[in-house]
Amino acid sequence: MRQAIRALGWTTTIATLIVAIFLATSMYSMFSTLMGRGIGFGSYQAHASQGVLVLSFPFFLNNTGYYDISKINLTTSIRDYRGILISKSTTLVERIAKGSLVREAHNVSISLTDIITKNLTHLLLQDSEIKVDLSMGFRYAYAFSFQVTIPNMSMPWGAPFYNLSVGEILPLYNGTHYLLNVSLGFENHSSFSIMGTLILELHNELGEILGSGTGDVDVPPGSKYRDQVKVVVDDILKLTKGGYVRIYFNGLGPVEIPYG
């Protein structure tokens, strides 16, 4: 009986020692990984396609610890300066074995349609700051769950149609129709090129539509756009000193800009 009790005591002691060693080594190796440049982010890249802006953030996870890391969940929420949600994106990494290095890209998609429908057109027209909330969850050694959150990080936002404005409107007559040459300009402060077709609808101060015209746009980052869009009008007498234009771009819009 005493031998059985003694054996049970030894078993309990050994099990407790194993658990303690596991806890100590897992905690040490996890914090060594996190604090020893185990996670890093590179400079983001931006590109636009079919009305969607994609920000791609490269990152790496270097597991220098003694145990596997699993169920990695990287989530970002992007808001404007008023706190309105612009986009939320998640990247999942199933497993990083001990001693392994994984490189991934976390892609954040921002729909230009959503910017307009959520009344966020200031992001198209004005330089601003966006707020990023970042969180990362993971399991370590298949036993411990952790969540790391970095809230309210600031990122500069360059407006793709900064200072979009309507300039001089000059009437012309080509022998069959009256035309209005509408001067239009903006600066591309974004990190991607603005390429596509711009449609301009001209309205007088009573809201009556005078006509419409189109123009091709190809504006690299950091460049200015200055051009005239020809608008065919049926009744030149409806032209008033003031009014507004509605601008569509690649099927998105409208954005209203006053003139006069």
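The side chain of Ser190 reaches over to the backbone oxygen of Phe192, at 3.0 Å. That serine also has a side-chain partner, Asn188, with a polar contact of 2.6 Å between the two. Keep in mind that this is a predicted model.

Where does Ser190 sit in the chain? Look in the loop between strand S10 (178–187) and strand S11 (194–204). Ser190 counts as buried because its relative accessibility is 9%, and the cut-off for buried is under 20%. Setting aside neighbours within four places in sequence, Ser190 is in contact with Gly158, Ala159 and Pro160, and also with Pro221 and Gly222.

Now for the aromatics. A pair of rings is described by the distance of the centres and the angle of the planes. The structure holds five aromatic pairs, and two of them are set out here, including Phe41 with Phe59.

| Pair | Centre to centre | Angle between planes | Class |
|---|---|---|---|
| Phe41 and Phe59 | 5.8 Å | 35° | tilted |
| Phe161 and Phe186 | 4.9 Å | 55° | tilted |

Take Phe41 and Phe59. Phe41 lies in strand S1 (residues 39–41) and Phe59 in strand S3 (residues 52–62), so this pair ties together parts that are 18 residues apart in sequence.

Strands of a sheet pair through backbone hydrogen bonds, either parallel or antiparallel. Here an open sheet of four strands runs in the order S5-S4-S7-S8, and the pairing is antiparallel. Strand S5 (85–96) and S8 stand at the edges with a single partner strand each, so one side of each is left without a neighbour in the sheet. From one strand to the next, the twist averages 15°.

How many bridges hold S4 and S5 in their antiparallel pairing? Strand S4 (residues 69–79) pairs with S5 over 10 bridges.

Key: Residues numbered from 1 in each chain as written. Predicted model: local features only at pLDDT ≥ 70, side-chain atom pairs only at ≥ 80, totals over all residues. Heavy atoms only, no water. Helix = DSSP H or I, 4+ residues; strand = E, 2+ residues; numbered from the N terminus. Buried < 20%, exposed > 50% of the residue type's maximum accessible area, 1.4 Å probe, protein only. Polar contact = N/O pair within 3.5 Å; in protein donor to acceptor, adjacent residues only side chain to side chain. Contact = heavy atoms within 4.5 Å. Phe/Tyr/Trp six-rings, centres within 6.5 Å; stacked < 30°, edge-to-face > 60°. Pairing = 2+ DSSP bridges. Axes fitted to C-alpha atoms, helices over the stretch in contact; angles between N-to-C directions.
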